[in-house]
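User: I am new to this structure and would like to know what the words used for it rest on. Could you take me through them?

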Amino acid sequence: MVGAFRVLSKSLRHYKPKASIFPDNSLTPTPNQWLHQTRRTLILESAPSHSVNLHRLSDADSGIVEVCLDRPQVRNAIGKDMLKGLENTLEAISKDSSANVLLLRSKVPKVFCAGADLKERKMMSATEVRDFVNKLRATFSFLEVLPIPTIAVIEGAALGGGLEMALSCDLRICGEDAVLGLPETGLAIIPGAGGTQRLPRLVGRSIAKELILTGRKIDGREAMSMGLVNYCVHAGEAYIKALEVARNINDKGPIAIRMAKRAIDQGLEVDRSSALALEEECYEQTLHTKDRLEALAAFAEKRKPRYIGK
């Protein structure tokens, strides 16, 4: 693995546009995409889950998919069953060309996800804990590199692994009574599923250190003020706002949305010159599409465009 990351680092420094070798047709792998490639077998496990459900919206909302967490007896704490459910559901979405935007939400009132299932964790050996956390980290990295936009809908508690899951999404929308935090240091461990890396990239090093070192919990409005969430709305209205944003995204050209996400995410992992070359390549992939011609025709005819993702 160390040798692989050395190769990756060298390739990023000397990036030049060329044909893709990655499943999502990306031009250059980010470190998280590399992690996905090396751990892809973790995502391919197939087992039924009663705590994660996939819902595809229809009619005018066709293209919006919802991943629903539903483990009310433990406030959506992440155990083995839920992790397998997340793996399988995200894998299904990654293969669904009709999916344009994903909403990650809870079916349990007043809680998004309370973090790890500590009762289950207590019964694990150190090796089992390590393997579980590695799988959790890989699953959240897989969520992060899905080619479509992802939105975490947060009502109530998003703690520990629950917040790390939300941090893996592109956007976060919460109710004002949400409670967010990474309390792991109080359990003599650290956030192990990406929290130490994604949080400082969102809110800055100093604020991230304060939140992680103290384990302090914050409400929705404070999360909004520090840039942790995109919107903070009245309690109980996070899903309404998230659906509004999802519909706005769903109306746009699907290929353009995917290319924009790729250009931003992968561009931030390389130097400016390489990032601009990446942007050029992503723009090029939108030029020869039926959707671009449809947009021009719709503008001329003063009507709403009908995109087909081709």
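Analyst: Gladly; below, each term is set beside its cut-offs.
This is a predicted model, in which local features need pLDDT of at least 70, side-chain atom pairs count only at pLDDT 80 or more, and totals for chains, interfaces and linings use all residues. Residues are numbered from 1 along each chain as its sequence is written, and side-chain values use heavy atoms, with hydrogens and water left out.

User: How many helices and strands does the protein have, and what makes a stretch count as one?
Analyst: The protein has 14 helices and 10 strands. Both are DSSP runs numbered from the N terminus: a helix is H or I over at least four residues, a strand is E over at least two.

User: Why is M226 called buried?
Analyst: Buried means under 20% relative accessible area, exposed means over 50%, and partly exposed is in between (1.4 Å probe, protein chains only). M226 has a relative accessible area of 14%, so the word is buried. M226 sits in the loop between α10 (220-225) and β10 (231-233). Across the protein, buried residues make up 48% of the 310 residues.

User: Which residues is M226 in contact with, leaving aside its neighbours within four places in sequence?
Analyst: They are L202, V203, I207, L211 and I218. Contact means heavy atoms within 4.5 Å. I207 lies 19 residues from M226 along the chain, and their C-alpha atoms are separated by 8.3 Å.

User: Which strands are joined to β5 by bridges?
Analyst: Strand β3 (residues 101-106) is joined to β5 by three bridges, running parallel, and strand β7 (residues 171-175) by four, also parallel. Two strands pair if DSSP finds at least two bridges between them. I151 stands opposite L103 of β3 and opposite L171 in β7.

User: Why do β4 and β9 count as edges?
Analyst: They belong to an open sheet of four strands, ordered β4-β6-β8-β9 with mixed pairing. β4 (111-113) and β9 (218-219) each have a single partner strand, so one side of each is left without a neighbour in the sheet. β9 is joined to strand β8 (residues 179-181) by two bridges, running antiparallel.

User: What makes a nonpolar core, and which residues touch the most other members of the largest one?
Analyst: A nonpolar core is a set of buried Ala, Val, Leu, Ile, Met, Phe, Trp, Tyr and Cys residues joined through side-chain atoms within 4.5 Å. In the largest, of 47 residues, M165, L180 and L228 touch the most other members. Apart from it lies another core of 15 residues, including I64 and V153.
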